[in-house]
Amino acid sequence: MFTTKTVLFTLASLIILALAGYALYLHFQIKKKQKEEIEIVNAERKLAQENLDKRNNSIIADIRFIAQALITDQCEITEGVLRIHHLADAIDTDLMLQSEFTSLHEHFDQCRNMAIKEAYKELSKKERFQQDNQRFRLEEKNKENVIKEAELLISYSFNNLKKLH
């Protein structure tokens, strides 16, 4: 017959089996939850990358539009260069530092501190005249090279844009 030891041993074995089964169930629940969290993070990352790509593509289209306006004389050299440089900085701060865009960057450097908008309006007539003359001389000096680089921007691949990690 069954002795007390056998009954206790059987009972203990059943308890251990039940606890092991429950631990295994919890283990699979944790694995399932981790997998779901990874899928959520990956979906969020994919959406963020798509939004970044969409934003970058919009900025690239704007850069190309302004470059085309420079080429066709629909926009002054300085205005175009300032706009292109600021847009390019929004997608890649090193883009305008590349050797292909030396003239754009140099023209930007020479004009970046010039008064614009309200600050320009606040200048005296003499100061405006001096700034305009300085700008006209810079535009005349840099026009040919800036136009060449604007033509390059129209077909530039922008492959070096950073991706999310």
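1. A residue is termed buried under 20% relative accessible area, exposed over 50%, and partly exposed in between. On that scale I154, at 30% relative accessibility, counts as partly exposed. The structure discussed here is a predicted model.

2. Confidence. The mean pLDDT of the chain is 93, and 96% of the residues score at least 70. Among the elements, helix α1 (residues 4–71) has the highest mean pLDDT, at 96, whereas helix α4 (residues 117–122) has the lowest, at 92.

3. Fold content and overall form. The chain comprises 5 helices and 0 strands, so that the order of elements from the N terminus reads α-α-α-α-α. The radius of gyration is 33 Å, well over the 15 Å that the globule rule gives for 165 residues; the chain is therefore more spread out than a compact globule. Along the principal axes, the C-alpha atoms fill a box of roughly 115 × 35 × 25 Å.

4. Of the 165 residues, 28% are buried. Among contacts with a separation of 6 or more, 73% are between residues 24 or more positions apart.

5. Surface and charge. The chain exposes about 12100 Å², of which carbon and sulfur atoms supply 59%. There are 24 positive and 25 negative side chains, and the centres of these two sets lie 7 Å apart.

6. Helix α3 and its packing. In helix α3 (residues 102–111) the buried residues are S103, L104, H105, H107, F108 and C111. These buried residues pack against α2 and α5 (125–155).

7. H85. This residue is found in helix α2 (residues 77–91) and, at 4% relative accessibility, counts as buried, because the cut-off for that class is under 20%. Leaving aside neighbours within four places in sequence, H85 is in contact with M96, L104, H105 and F108.

8. I154. The place of I154 is in helix α5. With neighbours within four places in sequence set aside, I154 is in contact with R64, A67, Q68 and I71.

Key:
Residues numbered from 1 in each chain as written. Predicted model: local features only at pLDDT ≥ 70, side-chain atom pairs only at ≥ 80, totals over all residues. Heavy atoms only, no water. pLDDT = per-residue confidence, 0-100. Helix = DSSP H or I, 4+ residues; strand = E, 2+ residues; numbered from the N terminus. Buried < 20%, exposed > 50% of the residue type's maximum accessible area, 1.4 Å probe, protein only. Contact = heavy atoms within 4.5 Å. Rg over C-alpha atoms; globule rule 2.2 N^0.38 Å. Areas by Shrake-Rupley, 256 points an atom, 1.4 Å probe, with all protein chains shown as cover. Lys, Arg positive; Asp, Glu negative; His and termini not counted. Charge placed at Lys NZ, Arg CZ, Asp CG, Glu CD.
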